[in-house]
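Have the structure open as you read.

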Amino acid sequence: MRSTTDSVLQPSDEVAEALAGGAPVVALESTIISHGLPQPRNLEVARELEGVVRAAGAVPATIAVLDGVPKVGLTEVELERIATESGLRKLGQRDLPVAAALKASGATTVSATSFLAARAGIRVFATGGLGGVHRGWTEDQDESADLDTLARTRITVVCAGVKSILDVPATLQRLETRGVSVVGYRTDTFPGFYLHSSGQPIDWRIEAPEEAAEIMRGQDALGGQETALIVANPVPEGQQLDPSLHDRVLAEALAAAEREGVKGQAITPFLLGYLVNGTGGASLEANLAAVRGNTALAARIALAWARK
């Protein structure tokens, strides 16, 4: 376990105390607060997710960068700042040293949150969906930095698969190539983010949080490349986005992006925004249902991991 007193990071008093005592801690990203939800619902959801972790008996560590300082666990004032301050940047792992040098503030993506959580000594991280290989990769070679970070970071990420706007089969193939373990939580198929299933099979299935913790112990015992463990937890079928609506609006979104020449970093927010508008907000509700379920499961895994 890495030091929690690293001078580069600034854990909250609660998180520092929990880590020092071996108590369960769950990392939470901050981009959903600053960029993923409208005000004031974003702050309500941020508090709700931290409450889900606490209700399970673990300590939440929402991660962000404020004035160049990586914060691992936010105070109420800092959480409000992430939810309300305009101009916050979206920070991936590559942006962290630049933000630190320039005293910039921003919310952390999956790659940055994974890196900072692992650096602080946190082993479990809950998010909505991962980034991955984009459609049309053979032409643009557009791939999320999440994949590279997860291939060299010892963290357990509980997610509802990868964002359905991506090339899911190619993403799973890339994870396999990079040596990242993927297990389905009570499912034999990879979740589809907004959808209960993407239809893509998963090689491994677990039934309980304790099994995830045992896999984590196995990672440490075997050593080798410090890769992540992805626990793929599907949104309940009753809370998923209607599949036919999803497919229709996504096809429209992809056509609009092609027509307007949207590429690179702009493509993900464009497509996700199109889905929110095109489904009348239903995609956002499915996303939140997934995040709540992932957060609750992550807390249970953190508790099982703490019982070493």
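## Helix H10 and its cover

Let's start with what sits over the buried residues of H10: the cover includes strand S7 (124-126), strand S8 (156-159), strand S9 (181-185), strand S10 (205-206), S11 and helix H13 (282-306). The buried residues themselves are Pro-209, Ala-212, Ala-213, Met-216 and Gln-219. Looking down the axis of H10, they fall within an arc of 110°, so they line one face of the helix. Turned away from that buried side, Ala-221 and Leu-222 are exposed.

After H10 comes Gly-223, with a positive phi near 75°.

The chain averages a pLDDT of 93, and 94% of the residues score at least 70. Where pLDDT is low, the predicted coordinates should not be read in detail.

H11 (residues 243-260) is an 18-residue helix reaching 26 Å from its first C-alpha to its last, close to the 26 Å expected at 1.5 Å a residue. Its buried residues are Leu-245, His-246, Val-249, Leu-250, Ala-253, Ala-256 and Ala-257. These cover an arc of only 125° around the axis, which puts them on the same side of H11. Helix H12 (267-278) is part of what covers them. On the other side of H11 you'll find Ser-244, Glu-258 and Arg-259 exposed. Just after the helix, Gly-261 takes a positive phi of about 70°.

Asp-242 lies in the loop between strand S11 (229-232) and H11. Is Asp-242 buried or partly exposed? With 40% relative accessibility, Asp-242 counts as partly exposed, because that falls between the 20% and 50% cut-offs. Its side chain makes a polar contact with the side chain of Ser-244, at 2.5 Å. For a sense of scale, Asp-242 and Val-98 are 144 residues apart in sequence and 41 Å apart in space, C-alpha to C-alpha.

## Helix H4 and Thr-108

In H4 (residues 76-84), the buried residues are Glu-78, Leu-79, Ile-82 and Ala-83. They cover an arc of only 140° around the axis, which puts them on the same side of H4. They pack against helix H2 (31-34), helix H3 (41-55), strand S3 (59-66), strand S4 (69-72) and strand S6 (106-108).

Thr-108 belongs to strand S6. How accessible is Thr-108? It has 0% relative accessibility, so it counts as buried. Its side chain reaches the backbone oxygen of Ile-63 at 2.9 Å. Setting aside neighbours within four places in sequence, the contacts of Thr-108 include Glu-29, Ser-30, Thr-31, Ala-64, Val-65 and Leu-91.

## The nonpolar cores

Which residues touch the most other members of the largest nonpolar core? Out of 58 residues, they are Val-72, Ile-122, Leu-130, Leu-150, Phe-190 and Ile-230. Take Leu-130: not counting residues up to four places away in sequence, its contacts include Val-110, Asp-146, Leu-150, Val-157, Cys-159, Lys-163 and Ile-230. There's also a second, separate core of 39 residues, with Ala-126, Val-231, Ala-302 and Ala-304 among them.

Terms used
Residues are numbered from 1 along each chain as its sequence is written. This is a predicted model: local features need pLDDT of at least 70, side-chain atom pairs count only at pLDDT 80 or more; totals for chains, interfaces and linings use all residues. Side-chain values use heavy atoms; hydrogens and water are left out. A nonpolar core is a set of buried Ala, Val, Leu, Ile, Met, Phe, Trp, Tyr and Cys residues joined through side-chain atoms within 4.5 Å. Buried means under 20% relative accessible area, exposed over 50%, partly exposed in between (1.4 Å probe, protein chains only). Contact means heavy atoms within 4.5 Å. Helices (H or I, at least four residues) and strands (E, at least two) are DSSP runs, numbered from the N terminus. The arc is that of the directions from the helix axis to the C-beta atoms. The expected span of a helix is 1.5 Å times one less than its number of residues. A polar contact is a pair of N or O atoms within 3.5 Å; within protein, one must be able to donate a hydrogen and the other to accept it, and residues adjacent in sequence count only if both atoms are side-chain atoms. pLDDT is the predictor's confidence in each residue, from 0 to 100.
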